[in-house]
Structure formats: structure tokens, C-alpha cells
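Here are some exercises to work through with the model on your screen. Try each task yourself before you read its solution.

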Amino acid sequence: MYCVSSPIRVLAIKSSNHDFSDMTTFLHDVAEYLLNHYSDGFRDCCVVFPNQRSSVYFCNELKKINQKVIWLPAIFTIDEFIRKISGQKLATLIEQLAILYQVHKEAAKSLNPDREDESFDRFFPWAQTILADFNDIDKYLVDAKSLLRNIQEIKKLDSAIDYLTDEQRNAVEEFFYVIGDGKSKLKKKFLDIWQVLLPMYEMFCKRLNDKGLAYEGQVYRRAAETIGSADYELPFKKVFFIGFNAITKSEEKVFSVLKAQGKALFFWDYDQSFIDDKYQMAGFFLRRFVVEFAEPDDFAANHRFDTTNRKITAYASPTVSGQMSVVARQLALTPAAELSDTALVLADENLLMSAIEHVAPYVSDMNVTMGYKLRNSVAGQWIEQLVQLQANKRTVESGTTFYYKNVLALLQHPFLVSASEQFVADLAARIKTEALFQVPMSVFETDEFAKMLFVAIDNPHDFSNYLLGGLKQLMSIWAQLPDDEGNKWVIQQELVYRLILQIQQLDTELANEQLEVDMTTYFKLLRKYVGSLSVPFSGEPIKGLQLMGFLETRNVDFRNLIILSVNEGVLPADTTSATFVPFSLRRAFGMPTHDDRESMYAYYFYRLLQRAQNVTLTYFVGKTNGKNGEPSRYIMQLLYDGDRAIQKVLRSDINFAANQPLTIAKDEHTMQLLRNYVVDDRPFDKVKKLSPSAIVAYQKCQLQFYFGRVLGLEPDSETDENIDIRQFGLIFHSAMCKIYSDFLEKKVKVSGNDIRGLKKEFIESKIEEAFVDEIFKSNAALCEKIKSGQRKLTDELNGNNKMVYSVIQKYVNAQCAYDAETADQSPIEFLGLEKDGVMLFPVEVNGERFSIKIGGTIDRIDRTNGSVRVIDYKTGKNEVTCPSVDDVFNPAKIDDYKGILQTLIYCMMVDHEMPACDVMTPYLFKTTRLGSGDSFKVCSKKDAFSEGNFMRVADMVRDSLGKILGQLFDPEQPFKQTDNEENCKHCNFFYFCNKQSIN
């Protein structure tokens, strides 16, 4: 594909001269209040924040306000504070999985003694879901027995859950009614799992307790139980809870107990509009908690913000680099003195390294608050590529082969390039040239490092040693490089070292728990361990531009904000997660649902904007996984919800740049390119052929024709073993040509029995030849080995192509059967197969007469029942009947009748060579409909073509084609873009003309 500049769409917002200098931050207000009320210091106090970043800014505010030496309070995140109260040790993931697996086997056996033990590998995919559900059960203090009761005990519900409200009880009963019959396989599987959840939960908790361990949910439940017990004494006289929003039931219990004991103060950060507007999701939790856990009466924090003059601008960009250009421009306009009061917030943390690279030239100081995820690093990609290499390897009679895409990915990876640059370049070129879709191990023998990597690994223990050996070998190679080259790999050495430690930790834990896993499960565990690791950046915590993750912004305020990737699915994040507790039960028992998570994100977003003066939002509108990016609902709310002042800003002067129709004038250079199709004094074979498909392309979109056919701007060809639609058609055409070629050469009339007499083995051999010739045409040696029987075609095909092979077999057999039935009625005389047709077509433009060379490959010409048939095989959707010939030449209808147009042009070519023919009938053989009884004869519903005889409308076709070519070669007629946006969806030149709206 091509990459061209595309305009960034701007939602233009009026700026203001409003002075925000008198607006203090939330943490400043809290720090000032605490210093005024605890002037003797905080020796016996502690402060609890929702995240670590808040504490850094809080300490900075204390430092700015206080002018004397004092004791700082103890500072905790809520997780740290809860663990301190609980006093429990967290079990590792492997420890949890091992115990959970054991109790699952026992629970399943208790219900069904004859049941065979499920392997850990089959258990693992849903073990993580169970762990997540157990965590929620405990964090939200749910009565596990009531929630996880056996479905068959539905009649006991009334007495078991009488503490629920009527609404909650209705939700529970609705769930049991829907799932209760258990007739479908899905319901039965659900019931099987559900019935063991309660015994699993009880045994799991007990086994962990016996080992002195706990999972996170247990820690929270234990803290809630401990804080209220008579024998527990909190080691602090005062606890300040600062800047919370959503809290779990266990946290709420801790808050309530400390409040009742007079030990807790609460400080909330919000805009009063969140509370007043019951439809504002940002206030969903706060509307209750600011009342239940009220702030001190004398805390004079500002909760009403005048936002009517704030400047907010939203930018839409089709590329990541487009978003980065917005960042660069905003930073260039930001005074150096304001950089420490400026935050670049990444809603999508995968953009971290790109952001650092683009920001660096514009700032002297930058603090990156988020860690660099190892899975996003070059080292993390290396591990993933080795995993994919082993996962997709194939063992055949001749030995082990590797999937070419996995091989090329590793060959292009900087680690392998740094170790074996020349070998990498040579092998990559060979794979592409010879179309080695399955790369044998033998090709790696000449390079020691590559030979070490490209080996077959079949068990997790060996794979772990394989990874560790490769990483250590890399470290050794880098250590031997000269200083100027070795310095380039310093950061990667640190990442590789951390990877080695993480892999060793995983191996140790698996060995300690005696867990036997297969390769697939090991890959999943490895990804989880690598994915959980991040490498921190060092820097001044407050100084310079702050580059932050979205969740790190809680409680922190900035004058200038730049938020990237404000897209739906990113903000709010896609919160759909696997669970065995359906929505209705989660809602009934007070467990978190996706609605709760969306409310949390709404609060984080709107709170971040409260005190900001200049806000820049960017969102991505390019395609990802076939879908266009969409602006977040928050941007749309800012645009259209005018009930609150914070949104009104964006309602003024919103202008989207209009798409201007694009035309390309036919200048002298363009006309010279078009002249390549004109027959002049050049040798005839040097004149380009204008094909029927090119004429169809011109009718669909003149701009597409200009870019593709005139300028020759086609996408770069890539090595790809998957057969596309074009190749599918070529293989089918070639197979039919090979099967019928003997009939053509013998010039005999073929009966139905002649076609039926073709042996199955003969037909299959011709299909295989066609397959080999098309798929492996660039690898002559492999073609010869397959055709001679030294290699099997099936060993060289991936699963997708094997399926394509069987489909083509089906279509070929159906075509032969259809032809046999036709020949039963009247013998068939083959006149041409895959025939190159050429004709000179006279054109007159502005008084100048010249001839155009039109040519193309005609799939088949035959004679039967007194008619010459011009046949085009079609493997896609094509109409065979049109209202009239005029409709075929109407550009607005070209998608419907493109097949008909092509066959009419083919008929002109045949007529040019067989002028004495009286009846010539075009046919479109649709392979997907053979045997259906459909008619494949091309004809119209009215006019002279209703009988399908081309000779009766030949002059009409020539006149219509002459008008198209006259327009094409007229220098006064520019190339215009199509009005049909459906044609743009799969166009290679989408961004050239910007026809489709990207919003």
C-alpha cells in the first residue's frame, strides 16, 4: 500500500484570555488543610492514595507550602494499606494455579467419582477466569455460598438470600430461569463448571491459608474483617483518604470502621456538576460516597469550576505519526516555563516509545512516569517471534520446516541482524525469490547463531533452555562488539537481562509446584510473565514535561493537557472480561460490571479536565482490524451535551474540512503515457495492450485507472502463500486449459462421453500442475521436485491452501460435468483455450484518428449447436443478464455488469479474427453455480441482445466502447473520481484522493 499525507481533521475551538493562575490544585488544597490542622507534624498519621503517582505530587505540595522541618506522614497506596492491615502474604500466580488445579480435580471427583481428571493444559484457559471471579467475590464481600449455590437448589433461594432487595432477587431468579433447563451443550458445560465453583472456592481458600498465603481478594476480605475486630489496633491515630472515586465493598468497610472510630478524614476531588446531574457517569460513585464519607466541614476546597472559557481542541488523524505531529506542534507553542505544568497523557500506552522519540526534540526535561512494558520492547518482540516460530513449525517426511512469515520476522529483527547481517540479507532474498513458504532447517546450517535458533523444540523445559541460550548468546555477541557499536545495545542488554531473570523465575515456580504443562500452556504463561514486567525510567519526578499513562493522572492537575488516542475502545477501555458470574448475578450481589468500569473511566477523564486551561485531544481514524477508528464517546459528549459548562466550549465553531472533488488534468506527460496504447510507427509488440479489465477499471473510477494503469502505481508485491481471489481464478483457468488441451490440439468434436471418460487421476494431475505452476512459479527447483514426485504438494501447502485445493477440485469436476451435459445435446468443438486475443480499435478525438491496441486472454472459445461461444470463467459474483446493452456501458452500473462488459469486448476480439461468424454467444460460467440449473448465457431483457447473439449488437457495442475510449484519450477530459463510495472501500489509492470521509 501507499502512504501519503492526509489532512488532520480539526474541531476548532475558540480560545480565551481567562486567567487560571488563581486556581490551585486539589492536592495543594489538601496539603494546605492538613498542615494547618496538624502543625506539629504527622508522626502518627498516614495518608492513603489510590495510586503511587498522587503521593509524589502531594509531597511536592507539602514541600512548597511548609517552611519548617516536620515529620512526614506514612504514605501508602490503597493496596499497600490493605496488605498492611491484612498481614497476609500474596501467593504467586503459579502457586495459585497449582492449588486451584488440585482443588478442581477433587471437587469434580466429589460430584462425579467416575469422572476422569482434566489435564492442567485444558484447565488453564478458564482457571484465570475463576481466579478473577474469586477475587471479585472477596473484594466485594459477597457471600460465596449464596452466590455459587447449586442450580438445582433454586427452591432454597428465598430463605438463602432474604437480605437482597426485590430488584436483586428478581435478577437472581431471572438468571436461574434462563440457565435452569440446561438443555444445550453450552448450558450443560456452564452447569458442570458452576456446580464445582463453591467447593473449589472453599477448598482453595483453606489450602492457601494453610500455607500462609492468600490471593488478592482474600487479602482485602481479611483486611475488612480484621479492621473491625476488637484485638486489632491500627498503628496510626489518623488516616487521610485522598482522591478516591470507586471503592470496593471491602475498602468501604475499612473506611466505615475508621470513620466510626474517629480516625479517618476523607477528601474528594470532583466537580459539583458530577453530583448534581444524575445522568453524568463521572459522579456515579461519588453521589453516594461524598455523603457517606463527608469531607471535613472546614475543608474549603473548590468543587465548582468555571469552565466556560477553557480551550479544548480535538484532532482526528489517520495515522499515529499524525497524532505525534499534533504533539510536536503543541509543545513547540508551549512556553518553557509551563512545561512542568504540562502533561502528555497516553490513553494507549503502546505509543510510549513513539511519543518519547517525537517529544525529545522539543523539551529539555521530561519525566516518564510509566514503566516501559517489556512485551512492547524489541526484546519482548524477540521472545514472541521465537514462540510463534516454534508454534507454527511443521514436521514432514523430509524433516522440520518453519513457516516463512515467522522466519522473515526473525530475519528482520535487530537482534539477528546485529549478529549475522549478511546471512540474514541473503536468506531473506532467497525465501522471497524461491517462494519458500516452508523453510527447511538445512538452510540455516551455515550460520552458527541462526543454526542455534532455528531448531525444533518439543517440550517446555527444552524451550526454556533454548530461550535462555539464545539470550545469553546475544549478550556475548554484544560484549565483543567495539565500543561505538556495543553502546547501541546498552538498553537492550538491560531488557535481555530482565528477560533472563523472568524466564528463570517461571521455570523455578513450575518446578516447585511440580506442574507439567504442554508447549501451548507454557507459551501462555511465558506471555503473562513477560507481559507483567516493565522497566522503569529514571528522571526528576516533577520537573519538565510529564509523560503519563491515563490511570496515573488520578488526583494530579495540569494547566496544559495533551491526551492521545481518545478513541472509543481506548477511552473508555474495552472492559469486557471473561467471567462465570453473569451480569444479572453480578448486579444482584453488588459485584463490579462493565457499567461500573465505564463510570470509573468517565470520572478519570472529566476530573482530569477540571482545572486544565488548554486541552488537546487526538484520536485515530485509520483502519485497525478492518474497522475505522472512532472518536471516544467523551469527545461526542463534549460536542453535543450542553447542559454543563465543561461541554459548552466545544459547541462553538466546529468546522470539518470539506472533501474537495479531485481531478487530474491530462497534461503532456499524461498524454504521452496514454500514447503507449496507440498503434503508431513503433513495432507492434512494443505497443501496450489495453485490456478489458482496464476498461472496466476506468468505468469504475477514472482516478483509480489513472493511478494504477497510467502511472503504474500498484502495491508492492509481498511473499504470501495464501491464495488470493485472482490466483484462485488463474489456477482454475489453467487447470481447465490443461484438461481440455488434447481436445483442442486434435480438433475433434467432443461428446459428453468423451469428457466423462477423462480419468479422475488425469484430472487431479492437471489440477496439481496448475497449482504448482502458479504458487511455486518462482521456485523452479521445487516445481520440478513436486512434478517428479520427489516432494509432495500437500507437504508444501498450508491449511488454507489445502482447503482451496479441494474447492478447486470440486469446481473443476462440476465444470466437466456441466460440459458433458452440454455435449450430450450437441458435440463441442474447442477453438481456443486461454487464447491471447488482440484487435485494433479505431478512435477519433478532436479530428485526429488513431487506433488503440486492445488485448486480453480469452478463457475459452468453442462451437456447439451452431453457435460460437466466447466463455469467461468466473469464480466470483457476476450478473449474466442486463436490462439493455446501454446499461452495461453506464459507469454507475459497472459493478453489476463488469463481467458482461468484459465478455462483449472479448466477442469483439473473436469477431475480428472470425468475421464470417453468424451467431456468437458470450457466456459467463459461474463456478459456484454449476449444477444449479442456472443459465450462463449473457443476454439482455430487451433490445436486440435478448437472444444473446453478439452479432446483432456488435455495432452498438463498438459505438459505446468508442465513446469510452474517445473520452479516455481526449486531452480536454480530466480523470475524475467516482461518485460511488463503495468503490473506495478496497481501493489501493484511498488516501490519494481522500474521497471517503474519515470521520
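**Exercise 1.** With which side chain does the side chain of Gln 88 make a polar contact?

*Solution.* This is a predicted model, in which local features need pLDDT of at least 70, side-chain atom pairs count only at pLDDT 80 or more, and totals for chains, interfaces and linings use all residues. Residues are numbered from 1 along each chain as its sequence is written, and side-chain values use heavy atoms, leaving out hydrogens and water.

Step 1: A polar contact is a pair of N or O atoms within 3.5 Å; within protein, one must be able to donate a hydrogen and the other to accept it, and residues adjacent in sequence count only if both atoms are side-chain atoms.

Step 2: The partner of Gln 88 is the side chain of Ser 86, at 2.9 Å.

**Exercise 2.** Is Gln 88 buried or exposed?

*Solution.* Step 1: Buried means under 20% relative accessible area, exposed over 50%, and partly exposed in between (1.4 Å probe, protein chains only).

Step 2: Gln 88 has 15% relative accessibility, so it counts as buried.

Step 3: Now look at what surrounds it. Not counting residues up to four places away in sequence, Gln 88 touches Arg 83, Asn 209, Ala 214, Gln 218, Val 219 and Arg 222 (contact means heavy atoms within 4.5 Å).

**Exercise 3.** Describe the aromatic pair of Phe 274 and Tyr 603.

*Solution.* Step 1: Rings of Phe, Tyr and Trp (its six-membered ring) pair if their centres lie within 6.5 Å; planes under 30 degrees apart count as stacked, over 60 as edge-to-face and the rest as tilted. The structure holds 64 such pairs.

Step 2: The centres of Phe 274 and Tyr 603 are 6.4 Å apart and the planes are at 80°, so this pair is edge-to-face.

Step 3: Phe 274 is in helix α12 (residues 272-276) and Tyr 603 in helix α26 (residues 594-609), so the pair ties together parts 329 residues apart in sequence. Helices (H or I, at least four residues) and strands (E, at least two) are DSSP runs, numbered from the N terminus.

Step 4: Phe 274 and Tyr 603 are both buried.

**Exercise 4.** Which residues touch the most other members of the largest nonpolar core?

*Solution.* Step 1: A nonpolar core is a set of buried Ala, Val, Leu, Ile, Met, Phe, Trp, Tyr and Cys residues joined through side-chain atoms within 4.5 Å.

Step 2: In this core of 160 residues, they are Phe 134 and Trp 382.

Step 3: Helix α9 (residues 185-210) gives the core its largest share, 10 residues.
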